[in-house]
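Colleague: Please take a close look at one part of this model for me, the fold of a single chain and its sheet.

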Amino acid sequence: MGKYIVKRIAMGILSVFIVATLTFFLMNLVPGGPFVAEKSISKAAQEALEAKFGLDKPLLQRYTTYMTDFLQGDMGFSLRQRGRTVSDIIFSKFPVSARLAGIAVVVALCVGIPLGCVSAYNRGKLPDNFIIVLGTCGIAIPSFISSVLLLYTFGSWLQLLPTMGLNDAASYIMPVTALAIYPTAYITRLMRSSLLDVMGQDYIRTAKAMGLSSFMTLFKHALRNALLPVIAYVGPMLASLMTGSFVVEKIFTIPGLGREFVSSITNRDYTMIMGTTIILAALVIAANVLVDILYKVIDPRIKLK
Amino acid sequence: MSEKLLEIKDEHLSFFTPAGEVKALNGVSFSLDEGEVLGIVGESGSGKSVTAYSIMGLTAYPGRLIGGTIRFNGHQVERMSEKEFRKMRGNEVSIIFQDPMTSLNPVYTIGNQIEEVIRLHTDKSKGEARARAKELLELVGINEPDKRLKQYPHELSGGMRQRVMIAIALACEPKLLIADEPTTALDVTIQAQILELMQELRQKMGMSIIMITHDLGVVASMCERIAVMYAGHIVEYGSTDEIFYHPSHEYTKGLIGSIPKLTTEESERLVPIEGQPVDLLNPPAGCPFAPRCRSCMKVCLRRMPPKTQLSDTHYSYCWLRQKEAAEGGERA
Amino acid sequence: MEHTQNTPELEKLPLGPDDFSPATASEKESLVIMRESVNFWADGLRRLRKNKIAMVSLFFILLIVIFAYILPSFWPYTYDQQIKYSENLSAFEYGKTELQRIEAGESVFPHICGTDKLGRDFAVRLMMATRVSLTVGIICSICVLVIGATYGAVAGFTGGLVDDIMMRFTDILYTIPDILLIILLSITLKPRIISLAETPGFEWMQKVGANLIAMFIVFALLYWVGMARITRSQVLVLKESEYVTAARALGAGSGRIIRKHLLTNCIGTLIVTTTLQIPAAIFTESYLSFLGLGVSAPMPSLGSLATDAVKGMNTYPHLLLLPAILISVTILVFNLFGDGLRDAFDPKLKN
């Protein structure tokens, strides 16, 4: 077990390292320096700025400098938000995004799992068909479309919910909904097919043959096995929530990390893009590693080394 | 004579699939005394498992019992509700399945799974259930029961798991144990051990057993009576000796002819049964075995043969026997 | 007795000696109703045709394809044609000059879906946008198929250390959240490719659209991982199967085995995975467009049309709703059709 954990963590660190390297070199592939866009500054000022940020040095040297600094927690200064370090900005914005994503995870699990169970339990009947239709639509609607439609319907048209920021409980409703639609639909479908798969297993037949009620069979014997794929999905789910947060935070004007990332793209704030990319990738990778380890703990079949 | 434990009369069961009605059982009748061991032999799809499952109300969707009566231990099985079935399953009648690898839940310990059944059907406390589970494991010949109770199924070998399955099935001392090909998935040496164990347990506990198998060797060593099934019919029924030494149906003869024997001489070849089983979506009007039968007559193709009683305990459904009986009658 | 029907009356008839004469082989055979043996494709197609949802989806896909690739050629407006005084029209409304032309007796084709703020006919823009989105989806899926299937087949077939290294690489790529890399690649690759298209020798790229090509490359660079994994596992299973061993024993070379046995056996899985990749690519493209990283102006994609309409959604909601619905419906029908294909040709791929 210890060996597996160490191996998995090492793989995760390697992944983060690769992301960081890729990001660094890709950023430097962009034609023209980051200050070219600013027409207001003179050539001399531009060179001075480039010297200040070390952009006049050879690429490899800049790479090693960046990486050593990064390991010490220094991701440099934001190019656009003068005087603020990238880590500063990230740490101030992250809690907002984390809260939003956390609520969305809870919603997705609490809605998706029961819906999937109901669907599998009523296989082929009306509730099942209804849930399948909902689930299929849920994974077909991109988050920016659902956000915008929600905003239009409940914000502008019916004027029921606040359209900006995260100031009170009601303002969470729309962004969380928009963020949770895809993972909820995905979990519902996953739970349904996984449960149906498990219900067809021999040990379920054994449980029934020994006199257990179908309710007990479902809850004691099937559910635990059927939940395993859902647990495995938690890692990818975080990645999809991150993807969703970029647009949802932009649309609902939420001061989170996703919106910061998007605006740094539009502003071509390269140090910010680099910093946020690495941090977000590291988060998702860490979640994946954790889920993998957790999975082995829950499923006794997998031999622990 | 002791009272009949199980009596099935003219059971008809069909699976209503999108492709049409698959007639899995077409008038199956037999009975079982208390403490009797019956073997049901037949190839896959002949309806042997379906018959056994219907006794426990475990007929899989989209199967439905459409005719006949089943009496078991004073219950009218065909009229029972799911709730009544639940009280009966695992308590009065139990079953062990073919594949011990998949028949135990991988995420619960052995102890947990045995105790669950005990506590479901008795009002024993947790501690009592555990003690009983330990006793059961000892009964089925598993050493170090305390340790095993805490283990997960994947930590045990196939033979061990089948022993655990037997322990679960016998937890509440059922009157009838259905063994659905209990040894098919096991190694030959383990097969013998499991069969031996089952015989030993039967002597100790005195339950009846229905042994479902396609292996004539298994029934020969264990069973008192044998029912041979083909395409949803019992084509021959008799005591083990009668079936093995005086097979009467051509299918039974074919089955016995295809067992290799040590005494087989070189000139004698194993005789396979040629052809394919019938399509149960469109069962033929006559004897279902007719298209594969070597001695098939014109009448066989058109009409189901009537029952020919060969002795008190032995009967078969074959036109050849009818013909012989008629000729014998004429001569007499 | 000539009857073969088993009627109750017949049942009661006494039996004659003829009944007990041996039956001939042909008589026996006439009773055995063998079900027709069908091959893999015919069987799959039959199942597909029976699947109502899949057939309805296919019908919608055909409609969308006609809408995107055929209809624009017959449309009297082009997607970048700006009509003066016809800005921001709602459906079936005419602009000032158009009304004058109508009064002068000319017939003017109506703007079925209105026009946008630059006076461009919105219906034809929707068609072109659908065309762009579909093209991105289809070509990206084909790139993914080619790269992924080759990579997976090579890894699975070679085995050993090569396989280990190749799969470790995909493992790492798999854990990296792809959207981040896609965003990075579109920021960095797009300007490069657009400037490359301006250099001599690469003008053909402009014809296709440099930013479309950038999109293909970005998708192809990342999305092949899943396909490679699926292909590899299929190859591994097949490699161990008896008929491949048999082919080997008979002296067939590796190339022949790959072509003849492995590919023909994986083809169902590959088709299904590719089909399901199309909606995923459309999904991602529309997402990138929303972030301003997708296909760029004046070429519209469904995502960029929706994005452009967000600002004015309170006044002109139809400009937002139409592309939004079109994206969702396109993704939905492709998903449903892909599910249908999977059920028909590759039931084991479920879950």
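For chain B, among contacts between residues at least 6 apart in sequence, what percentage join residues at least 24 apart?

Modeller: In chain B the share is 63% of the contacts between residues at least 6 apart in sequence; two residues are in contact if their C-beta atoms, placed from the backbone, lie within 7 Å. This is a predicted model, in which local features need pLDDT of at least 70 and side-chain atom pairs count only at pLDDT 80 or more, while totals for chains, interfaces and linings use all residues. Residues are numbered from 1 along each chain as its sequence is written, and chains are lettered from A and ligands numbered from 1 in the order in which they are written.

Chain B has 12 helices and 12 strands; these are DSSP runs, helices being H or I of at least four residues and strands E of at least two, numbered from the N terminus. The radius of gyration of chain B is 21 Å, close to the 20 Å that the globule rule gives for 332 residues, so chain B is as compact as a globular protein of that length. That radius is taken over C-alpha atoms, and the rule is 2.2 Å times the number of residues to the power 0.38. Along the principal axes, the C-alpha atoms of chain B fill a box of roughly 70 × 50 × 45 Å. Of the 332 residues in chain B, 47% are buried, a residue being buried if 20 or more other C-beta atoms lie within 10 Å of its own, with C-beta atoms placed from the backbone.

Now the sheet. In chain B, 8 strands form an open, mixed sheet in the order β6-β7-β8-β3-β9-β10-β12-β11; two strands pair if DSSP finds at least two bridges between them. At the edges stand β6 (93–96) and β11 (307–309) of chain B, each with a single partner strand, so one side of each is left without a neighbour in the sheet. From one strand to the next, the twist averages 20°.

Within the sheet, β9 (residues 225–230) and β10 (residues 233–239) of chain B pair in the antiparallel sense over 6 bridges. B:Ile226 has B:Gly238 in β10(B) as its bridge partner.

Two helices of chain B pack on the sheet. Helix α1 (residues 48–55) of chain B touches β3 (37–41), β6, β7 (176–180), β8 (208–213) and β9 of chain B, and its direction makes about 150° with that of β8(B). Helix α10 (residues 250–257) of chain B touches β3, β9 and β10 of chain B, and its direction makes about 105° with that of β9(B). Axes are lines fitted to C-alpha atoms, for helices over the stretch in contact, and angles run from 0 to 180 degrees between N-to-C directions.

Terms used. Buried ≥ 20, exposed ≤ 12 C-beta atoms within 10 Å, placed from the backbone.
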